[in-house]
Amino acid sequence: MGIALELKAVSRRYGATVALNGVDLDVEQGQAVAVLGPNGAGKTTMLSIALGLLSPDEGTARVFGRLPAEALKRGEVGALLQDAGLLDDVRVAELVAAVAGMYPRPMPVERVMQAAGVQDLAGRRVGRLSGGQQQRVRFALALAGDPALLVLDEPTVGLDVESRRALWQEVRARTAAGRTVVFATHYLTEADDYADRIVLLADGEIVADGPVDAIKSLVGGTEIRFRTDRTDVSRFERLPGVRQVRIEGRTVALRTGDSDATLRTLFATFDAFDDVRDVRTASTDLESAFVSLTGGQER
Ligand code: ADP
């Protein structure tokens, strides 16, 4: 399989704000990639660069080996962007047909309408639709050109359960057919359920990247907390299984992928750790682990 999207050392600033800082990313054809991260992490900036709507200040972006804007022009890319404006006075079916007509190899309009769940809205004026209905129309427009790469920024915001299900079903069908989908989401469960791979962004940098299971075990695992008088990080970070050490006053919190091994060594090496007391362990949920991996920022 070839590479659908390639970012090499991509950086982008807005004035003094560094939105992306040296991002490298290869997305293979047929993958569903979830881009996760707290607000302001750089997700929208990254997707906009992938779509050629923004240029990197440094580095390069390629879509199927071409400049993103060129790939977009050739109909190889479809996009659903947050708050993308829609023509208000047009009827849904007309809009979908008009957009499909701009592409060299569009999907049949009927098929698009069905995949996006907007058949029952066909005769409605776009401006009169609810937010969730307009979001479905945006998804229809993203699909219209039958793109080899689909880029979705928070695609399910405002969608009801049934529309979400339909959207993810379409995403699955596309990747099964060798097409590529890159999506940003705030919902960890969506990444968990529908992505082959998670790219975790924080402060404009990729802090984790891998198959969903690998990321889950990286962010999951167990937290061991205890009190000690000697709270220097270096004492603890070399314990077996330990992935992260946090110091909160006299409390040490270790995130570990193997709590048995960590605890065994902690207690076996008594000279070094004889001041350790009040030991507690708890398995971490994905949500809190996510916060910890992205530097403790709220999502
Ligand atoms: P995310 O999509 O992960 O929330 P963004 O890519 O939207 O992150 O933003 C990354 C950073 O760049 C944030 O600090 C944001 O405030 C800043 N930023 C984004 N767009 C602009 C803009 N048009 N002008 C100034 N700053 C911006």
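## Contacts across the chain

Among contacts (heavy atoms within 4.5 Å) in the protein between residues at least 6 apart in sequence, 65% join residues at least 24 apart. This is a predicted model, where local features need pLDDT of at least 70, side-chain atom pairs count only at pLDDT 80 or more, and totals for chains, interfaces and linings use all residues. Residues are numbered from 1 along each chain as its sequence is written, and side-chain values use heavy atoms, with hydrogens and water left out.

## Overall picture

You will find twelve helices and 13 strands here, taken as DSSP runs numbered from the N terminus (helices H or I, at least four residues; strands E, at least two). Of the 299 residues, 46% are buried, meaning under 20% relative accessible area with a 1.4 Å probe, protein chains only.

## Helix 5 beside helix 6

Let's look at one helix pair. The axes of helix 5 (residues 131–143) and helix 6 (residues 161–176) come within 11 Å and cross at roughly 15°; axes are lines fitted to C-alpha atoms over the stretch in contact, with angles from 0 to 180 degrees between N-to-C directions. The two helices are therefore roughly parallel (angles under 35 degrees).

From helix 5, Arg136, Phe139 and Leu143 meet Ser163, Leu167, Glu170 and Arg174 of helix 6.

## Leucine 159

Leucine 159 sits in the loop between strand 6 (149–153) and helix 6, and with 8% relative accessibility it counts as buried. Beyond its neighbours within four places in sequence, leucine 159 contacts Gly132, Gln135, Arg136, Arg164 and Leu167. Its C-alpha atom is separated by 9.4 Å from that of glutamine 134, 25 residues apart along the chain.

Notes
Parallel < 35°, antiparallel > 145°, perpendicular 65-115°, else oblique. Buried < 20%, exposed > 50% of the residue type's maximum accessible area, 1.4 Å probe, protein only.
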